[in-house]
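Hi,

Here is the structure I promised to pass on to you. Have a look at it first, and then read my notes below.

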Amino acid sequence: MKTHPRDPARVLPRALPPHLLTLGAVCFTVCAWASAFVSIRSAGAAYSPGALALGRLLAASLVLVTLLLLRREGLPPRGARRGILLSGLVWFGGYTVALNWGERLVDAGTASLLVNTGPILMALLAARLLGEALPPRLLTGMAVSFAGAVVVGLSMSSGGDGSTPVLGVVLCLLAAVAYATGVVAQKPALSYGTPLQITTFSCLVGTVACLPFAGQLAAEVPRAPLSATLNAVYLGVVPTALAFTTWTYALARMPAGKLGATTYAVPAVVVLLSWILLGEVPAWLTLLGGLLCLAGVAVSRHRPRPRRTPADAHARPPGGYEP
């Protein structure tokens with residue numbers, strides 16, 4: 001496997017196998033992104049969607065640029081710049097604003113369930129544009145998860161006055177489209193630059209795209225409670241600067257469709273956190289849709305173990321890893 005000169009796989013101790021590093025990166029990303037839905041819901045009471053997006057990206061850019069300078073990684077190669085530009089505009093910019101707006105209208109758990117339909121589109125785009133395989137178990141899992149998202153949408157559209165929840169559902173689904181598009185755009189760029197380079201400059205592009213909201217941010221910061229501002233900073237440091245870096249690290253080592261399927265675990269963590277921290281519990285029909293989403297990822301990730309002969313056992317090197 002090709003590695004970059006400053007790739008984390010060369011910096012971390014060799015005692016940790018590469019597949020464990022990738023697994024750790026995926027787990028950290030899932031937990032950090034789950035906490036983001038709760039923080040957005042909390043900070044969104046004081047900050048408008050655009051202002052919160054800009055504040056989050058400014059904090060993330062500061063952390064990422066500092067890390068980039070410390071590691072002396074410099075500018076990304078020319079071949080990575082198209083993917084960085086598209087990812088920064090669509091994912092870091094568009095996704096963040098759409099999700100912030102959507103979470104003003106629906107609870108954190110529901111928003112996470114809807115956004116995590118993104119891997120369905122991600123797998124289809126990756127198959128079409130990147131030539132990745134679509135095995136039957138992945139297609140089946142995506143179908144089950146999509147059915148779960150439909151159930152969530154129906155449960156929201158049948159509550160309240162009807163119009164506001166539907167708008168929230170549409171905005172969260174728009175965020176899912178932006179998420180999938182951004183990931184597929186990032187994948188080819190990672191063959192040219194390091195995960196930190198791709199994340200940093202994508203974040204900078206998203207920050208520039210959100211600069212029109214600078215006036216709103218400047219007006220809202222003095223009026224916002226400290227807890228909301230701290231949530232905005234947290235969103236920039238952990239779910240964006242750190243988690244997007246671990247995501248790109250894993251994306252460089254896994255197919256985009258397969259990695260995207262792992263994020264179906266996010267809604268379960270979000271529902272638990274929003275119940276504990278915000279007192280929000282989705283309706284039973286919404287929870288049913290969430291369970292279908294999780295069942296879909298379980299199906300897509302399941303791989304039956306082939307029967308091994310004694311000769312196979314001897315042929316496989318100790319500690320070997322099958323991707």
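**Aromatic cluster and core**

One aromatic cluster is formed by Trp33, Trp91, Phe92, Tyr95, Tyr179 and Phe244. Please keep in mind that this is a predicted model.

The count of aromatic pairs comes to eight. Tyr95 sits in helix α4 and Tyr179 in helix α8, so the pair ties together parts that are 84 residues apart in sequence. Tyr95 and Tyr179 are both buried.

The two tyrosines turn up again in the largest nonpolar core, which has 64 residues. Those with the most contacts inside this core are Phe37, Trp91, Tyr95, Leu99, Val115, Tyr179 and Trp247. Which helices each supply at least two residues of the core? They are α2 (18-43), α3 (49-71), α4 (81-102), α5 (108-115), α8 (163-189), α9 (195-209), α11 (226-251) and α13 (266-277).

Trp91 deserves a click in your viewer. Leaving out neighbours within four places in sequence, Trp91 is in contact with Trp33, Leu86, Thr96, Ala178, Tyr179, Gly182, Val183, Gln186, Phe244 and Trp247. Among these contacts, Trp33, Tyr179 and Phe244 also belong to the aromatic cluster.

**Cysteines**

How many disulfides are there? The count comes to zero. Cys31 is in no disulfide, and the nearest cysteine sulfur, that of Cys27, is 6.7 Å away. With a relative accessibility of 48%, Cys31 counts as partly exposed. For Cys203, the closest cysteine sulfur is in Cys210, at 9.5 Å, which is too far for a bond because a disulfide needs the two sulfur atoms within 2.5 Å. Is Cys203 buried or exposed? Cys203 is buried, with a relative accessible area of 0%.

Not counting residues up to four places away in sequence, Ser48 touches Arg104, Gln216 and Glu220.

Happy to talk any of this through with you.

Best wishes

Notes: Residues are numbered from 1 along each chain as its sequence is written. This is a predicted model: local features need pLDDT of at least 70, side-chain atom pairs count only at pLDDT 80 or more; totals for chains, interfaces and linings use all residues. Side-chain values use heavy atoms; hydrogens and water are left out. A nonpolar core is a set of buried Ala, Val, Leu, Ile, Met, Phe, Trp, Tyr and Cys residues joined through side-chain atoms within 4.5 Å. Buried means under 20% relative accessible area, exposed over 50%, partly exposed in between (1.4 Å probe, protein chains only). Helices (H or I, at least four residues) and strands (E, at least two) are DSSP runs, numbered from the N terminus. Contact means heavy atoms within 4.5 Å. Rings of Phe, Tyr and Trp (its six-membered ring) pair if their centres lie within 6.5 Å; planes under 30 degrees apart count as stacked, over 60 as edge-to-face and the rest as tilted.
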